[in-house]
Structures are given as structure tokens and as C-alpha cells.
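Please keep the sequence and the structure in view while reading.

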Amino acid sequence: GDGLVLVDPKTLAVRTLGPAEGVQVQTFWTGASTRLPDGTVVMGGFGGMAVLRAAPLPGWNFRPPVVVTSIRVGGRTVTGTGEIVVRPEDGGFQVDFSALDFSAPERNRYAYRLIGNDGDWTAASAQHRTVGYTNLSPGLYRLELKGSNSAGAWTEPPTGLDVRVLPAWYQTWWFRLLAGLAVLAAVAGAARA
């Protein structure tokens with residue numbers, strides 16, 4: 001691909017250099033480079049020149065907060081980030097989210113999990129920061145969202161939202177009790193007959 005990378009000679013870890021690190025030129029011309037007497041390397045390409053000096057590149061340690069940008073329940077947008085309430089007729093919910101690191105947002109990484117339903121974290125890309133769930137059993141859940149900065153450092157603790165899925169009338173304890181009593185009455189009536 002285009003651009004520059006920095007390779008750590010000890011660990012062979014690769015770090016892509018782009019606009020967040022001050023490298024605006026992404027495509028360089030073959031042979032359009034020189035080394036100056038002080039060790040500085042100058043490279044030419046489409047849109048300008050890049051000047052590289054032999055100095056440690058500072059790390060990007062900012063741990064961005066993850067915020068909820070939109071909540072939809074049953075197709076309608078809801079406000080607030082307290083508790084998401086899903087009624088039986090809603091069918092499910094959807095949450096959009098974003099990490100607030102704008103240095104190179106296309107390199108941010110994301111993950112989510114619904115405690116009470118998911119076993120482990122599910123990865124999400126910077127282009128698809130949406131999570132949705134349908135057909136959940138009635139109960140209480142906790143949706144956790146986490147994101148990384150452009151250098152891959154994850155934010156801790158994750159952002160959390162409580163989710164309450166309400167039961168349909170036939171999923172309530174009183175309906176099940178009445179159904180059980182009806183079955184017992186039918187068995188008793190059959191035995192008596």
C-alpha cells in the first residue's frame with residue numbers, strides 16, 4: 001500500500017505513519033529521496049515532500065471515551081443513555097457508538113458485548129460502529145462498549161448501558177401460574193370423569 005511505515009528493529013512491530021503523525025504525502029516517487037549531512041531523509045511524492053529525522057516518534061497514549069451516538073428501539077429513536085427498555089412489540093434495539101479520537105478515526109478499533117447474552121467481546125470496525133439485538137429473552141442485561149485510539153490502546157473501563165427486556169403477556173409469571181392451574185384442573189376433571 002501507499003504511505004510510510006516505521007519498523008521497530010527489535011520487535012519488528014510495524015507502525016503506519018499518516019496524517020495523525022504529520023505525514024501528509026501518501027504516495028512517493030521512486031528515486032525522489034536524499035539524505036542530508038545531519039542524517040535527515042527527504043522524500044518527494046504526490047502532493048509534497050516528507051522530512052524524516054532520526055528521533056524517537058512519540059507514542060499516542062490518549063485513551064478516548066466511547067460515547068453513544070444513537071439508540072433505536074423497535075425502529076424509533078430514543079433519547080437518554082440511562083436504561084434501554086425494550087417492549088415485546090419492539091422486537092429489539094440498536095446502538096451506534098464512537099470513540100472520541102479524531103487523530104486517525106479510520107484506525108480506531110471497537111468491541112461490544114451484551115452481558116447476560118454474549119460470552120465474549122465482538123469486534124466492530126471503524127466503519128460499522130453499530131450493535132443490534134433482537135429476540136432477547138425477558139430480563140436485565142448490560143451492554144458494554146469499548147474503543148481504542150488510533151494507535152490501538154483500549155479505553156478502560158468500557159462504556160455501559162443497562163437494557164431491560166419486558167416480557168410479553170404470555171411470558172409473565174401470573175400467566176404461567178394460571179396456565180399451570182388450568183392444566184391441573186383439566187387433569188383433575190379428566191380423572192374425575
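## The four-stranded sheet

In this predicted model, four strands form an open sheet with the order S7-S6-S9-S12 and antiparallel pairing; strands here are DSSP runs of E with at least two residues, helices are runs of H or I with at least four, and both are numbered from the N terminus, while two strands count as paired if DSSP finds at least two bridges between them. Strand S7 (76–78) and strand S12 (130–134) each have a single partner strand and stand at the edges, so one side of each is left without a neighbour in the sheet. On average, neighbouring strands of this sheet are turned by 25° against each other, direction ignored, with axes taken as lines fitted to C-alpha atoms.

Within the sheet, strand S6 (residues 66–73) and strand S9 (residues 92–99) run antiparallel and are joined by seven bridges. Val 73 stands opposite Phe 93 in S9.

## The hairpin of S1 and S2

Strand S1 (4–7) and strand S2 (14–17) are separated by a loop that contains Leu 12, and the two strands pair in the antiparallel sense over four bridges. The hairpin has six residues between its strands, and Leu 12 takes a positive phi near 60° there. Val 7 stands opposite Val 14 in S2.

Leaving aside neighbours within four places in sequence, Val 14 is in contact with Val 5, Leu 6 and Val 7, where contact means heavy atoms within 4.5 Å.

## The chain as a whole

The chain holds one helix and 14 strands, and buried residues make up 29% of its 193 residues. Its accessible surface comes to about 12300 Å², of which 58% belongs to carbon and sulfur atoms, as given by the Shrake-Rupley method.

## Basis of the values

Residues are numbered from 1 along each chain as its sequence is written, and side-chain values use heavy atoms, with hydrogens and water left out. Because the model is predicted, local features need pLDDT of at least 70 and side-chain atom pairs count only at pLDDT 80 or more, whereas totals for chains, interfaces and linings use all residues.

Terms used
Buried < 20%, exposed > 50% of the residue type's maximum accessible area, 1.4 Å probe, protein only. Areas by Shrake-Rupley, 256 points an atom, 1.4 Å probe, with all protein chains shown as cover. Axes fitted to C-alpha atoms, helices over the stretch in contact; angles between N-to-C directions.
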